[in-house]
Amino acid sequence: MTRRAWALLLVLCGTIFLEGIDVAMLSVAVPSIRSDLELPTGTAVWVMSAYVLGYAGFTLLGGRAADLFGRRRMFLTWLTVFLGFSTLGGFATEGWMLIVARFVTGVAAAFMTPAAMSIITTSYEEGPQRNKALLVFAGTAAGGFTLGLVIGGLLTQLGWRWVFFAPVLLGGLILIAALRLLPAEARPARRSGAFDLAGAATAAGAMLLLAYAIVRLEHGFDGWWFTACAVAAGLLLAAAFVAIERRSAAPLVRLGILRKASMVRADLGALLFVGSFFGFQFMVTLYLQELRGWSSLETALALVVMGTDAVLAPTLTPRLVNRFGNARVIFGGFLLAIVSYVLFLPVGLHWSYAAMLPTLFLTGTAFALAYGPLTIAATDGIEESEQGVAGGLLATATQFGSAVGISAVTAVYGLVAAGGDGSPESTLSAFRAALTVPVAMVVVGAAITAFGLRGRRGGRLVEPVDLGTAAQARPGSVPVA
């Protein structure tokens, strides 16, 4: 790859890094926000959940918008919206202001992330270059979340508002660089009926309702009828969406794309893997802070070892994929995740950090092995005109996965804890019960991805790129959309 190609990739990775640290920092800062603004528990929960609703509800629409209206245009527009509402969140004085700011920020990410991914898949030649770029992109996403925990702990000590302002400073630099480096593209042809408004409305409504129902799993059986109604309404809208897409001359999602088995398996695998990862990390955070009494900064520093995925994804994973093939590396990542989660199941009240370290390291390594190759499989062989949709489907799957993972472990923990006596031993039993959820998710994911994920070029899908050679490459050697 040329220097300009590496610079473009750095800008796009900066965006996904920005999204990762934004979510992670807020998760650390919520207790301080709640205390400072005197928010009730329900409002504090929705400060986090509003982002998930906005993201999951509009990602599919965001992916198609990138294909129809221009990837560069969508990326720059929604990056600006992301920064604007993050700034407004930093100035919030009421809980509803934070919820609105986080919801719109999630919507912005739903348009921005598929656009960034589709810029990668259309700007780098399919094969070794594109796969290398996607692995670096995936590793940066995971590294951003892990490092965001540490950065969030530090910034919260200065004041929780810096958790909102810091991403604005980083995002401003990314925006300036993007204006210079993002490839120009032809203006998309405007034709009557080119945008499926009915499909967009039903898709967004279905995703919002289903995401809301998933978030409500945290409440267990409390208000279960309301959760059931949200699921039923979401499924009805989903059925209406399918009916509309079958009749639409220009569908939001061409249903034929779902016949590509490798893409569907990759999306399901990503949903389960990301869900298990976030569910496990959430429960470990609760264990360290609520049961062990560690501070938010101590917890963040303890979890930073999981950030090894940011180093291994662009270095080790390409070599393994090149030697063993995409499917085997993905399956190996799932197996490693099963081992790491099982090792943590017998966690005790007085475990030393050394006892936790193997699981934390293996979890980060498993993410490095599985997530990047899943990203490749989810976009490999898709027509250029539908790369935005493919990226939107993957982002929808991962966002739903994170919501499912966190909500499921919270629900199991709450149900078991409610039947206990409140003692440390009883609370520990609830933690152990909740930790079985990530194990179950990766076991199912391993079964799904064990068959069908096959690279179209056999085992040699990725070639490690030497940076020195890349710097001397002929300018323009990377096709630009």
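Below are my notes on a helix pair, a pocket and a salt bridge.

**Entry one: the helix pair.** First reminder to myself: this is a predicted model. I looked up how H4 (residues 95-123) sits against H5 (residues 128-158), and the angle came out at about 155 degrees, with the axes 9 Å apart. Anything over 145 degrees counts as roughly antiparallel, so I wrote the two helices down as roughly antiparallel to each other. Next I checked who does the touching. H4 brings Ala116, Met117, Ile120 and Thr121, while H5 brings Arg130, Ala133, Leu134 and Phe137. Sorted by class, that contact has six nonpolar residues, one polar and one charged.

**Entry two: the pocket.** I turned to the second largest pocket, which has a volume of about 530 Å³. I counted 20 residues in its lining, and those nearest the centre are Leu60, Met207, Leu258, Leu393 and Thr396. Which helix gives the largest share of the lining? That's H9, with five residues. H7 (197-215), H8 (224-247), H9 (261-291) and H14 (387-418) each supply at least two. The lining splits into 18 nonpolar residues, one polar and one charged.

I found four salt bridges in the structure. I zoomed in on one of them, where the side chains of Asp22 and Arg102 meet at 2.9 Å, N to O. Asp22 lies in H1 (residues 3-37) and Arg102 in H4, so this pair ties together parts that are 80 residues apart in sequence. H4 was also in my first entry, packing with H5.

Note on methods:
Residues are numbered from 1 along each chain as its sequence is written. This is a predicted model: local features need pLDDT of at least 70, side-chain atom pairs count only at pLDDT 80 or more; totals for chains, interfaces and linings use all residues. Side-chain values use heavy atoms; hydrogens and water are left out. Axes are lines fitted to C-alpha atoms, for helices over the stretch in contact, and angles run from 0 to 180 degrees between N-to-C directions. Helices (H or I, at least four residues) and strands (E, at least two) are DSSP runs, numbered from the N terminus. Angles under 35 degrees count as roughly parallel, over 145 as roughly antiparallel, 65 to 115 as roughly perpendicular and the rest as oblique. Contact means heavy atoms within 4.5 Å. Ala, Val, Leu, Ile, Met, Phe, Trp, Tyr, Cys and Pro count as nonpolar, Asp, Glu, Lys and Arg as charged, and the others, Gly among them, as polar. On a 1 Å grid over the protein atoms alone, a cavity is a set of points where a 1.4 Å probe fits but cannot get out, and a pocket is an open set with protein on both sides within 12 Å along at least five of seven lines; lining residues have an atom within 4 Å of a point. Grid points are joined across faces, edges and corners, and a volume is the space filled by probe spheres set on the points.
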